[in-house]
Amino acid sequence: SVYDMALYAIVLKIAGRGFDAERVLNTFRNFDDTDIYQKGANYNPQGGILNLIRASRRDDQQSWWYSWDWTVLVGPMVWVGIAAVIVNPGRYRTMAVYAGDWILRLQDTDGGFRMGPEGQWHSEGPQYYYNLKSTENNESAIALLDLLFNLTGDRKYREAADRASVW
């Protein structure tokens with residue numbers, strides 16, 4: 001999963017294997033790769049990382065759309081951003097800011113972050129992830145936003161983190 005890959009990159013960096021950590025993060029560098037970033041569906045907002053990405057490309061599978069996971073969630077996006085800052089903030093600054101700006105679009109008026117964009121398929125309807133909030137995801141989002149504020153100095157990250165901490 002994307003979350004696991006992000007944590008793996010962080011562990012590799014801590015273990016002194018920065019080169020390998022960067023190889024993991026390079027998976028997420030192309031924001032136009034629709035095998036990794038969701039684009040073109042009815043999701044709002046667009047552009048989040050697909051929750052599960054496959055090592056094999058979808059063009060080598062018959063009926064790949066039946067086995068592909070189309071879910072986009074805040075948690076994995078947050079952890080890619082955190083990993084980007086920890087592994088190499090100079091090289092992956094754009095990735096970290098992309099993740100931070102994307103999750104800001106899912107912050108509710110009460111300060112909490114929604115689980116994911118609206119429009120995703122779920123047996124309970126396309127608003128399921130949009131109406132759901134997770135304490136764990138919000139805590140992780142606060143961590144990313146604090147890192148981004150320290151990295152960029154942009155107060156929007158500090159203010160969003162403060163709103164989420166009240167939620």
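Reader: Which residues does serine 134 touch, leaving out those up to four places away in sequence?
Author: Serine 134 touches Phe113, Met115 and Trp167; contact means heavy atoms within 4.5 Å. Please note that this is a predicted model, in which local features need pLDDT of at least 70 and side-chain atom pairs count only at pLDDT 80 or more, while totals for chains, interfaces and linings use all residues. Residues are numbered from 1 along each chain as its sequence is written, and side-chain values use heavy atoms, with hydrogens and water left out.

Reader: Where does serine 134 lie?
Author: Serine 134 is in the loop between helix H5 (128-131) and helix H6 (135-152). Helices are DSSP runs of H or I with at least four residues, strands are runs of E with at least two, and both are numbered from the N terminus.

Reader: Is serine 134 buried or exposed?
Author: Serine 134 is buried, because its relative accessible area is 15%. Buried means under 20%, exposed over 50%, and partly exposed in between, with a 1.4 Å probe and protein chains only.

Reader: Which backbone atom lies 3.1 Å from a polar atom of the serine 134 side chain?
Author: That atom is the backbone nitrogen of asparagine 137.

Reader: Turning to the aromatic rings, how many pairs are there?
Author: There are 2 aromatic pairs. Rings of Phe, Tyr and Trp (its six-membered ring) pair if their centres lie within 6.5 Å; planes under 30 degrees apart count as stacked, over 60 as edge-to-face and the rest as tilted.

Reader: Why is the pair of tyrosine 3 and tryptophan 79 edge-to-face?
Author: Their planes are at 90°, so the pair is edge-to-face, with the ring centres 6.1 Å apart. This pair links distant parts of the chain, 76 residues apart: tyrosine 3 is in helix H1 (residues 2-14) and tryptophan 79 in helix H3 (residues 74-87). Tyrosine 3 is partly exposed, at a relative accessible area of 31%.

Reader: And what of tyrosine 128 and tyrosine 129?
Author: Their ring centres are 5.2 Å apart and their planes stand at 80°, so this pair is edge-to-face. Tyrosine 128 is partly exposed, with a relative accessible area of 26%, whereas tyrosine 129 counts as buried at 16%.

Reader: Finally, how many helices and strands does the chain have?
Author: The chain has 7 helices and 0 strands. Buried residues account for 48% of its 167 residues.

Conventions
A polar contact is a pair of N or O atoms within 3.5 Å; within protein, one must be able to donate a hydrogen and the other to accept it, and residues adjacent in sequence count only if both atoms are side-chain atoms.
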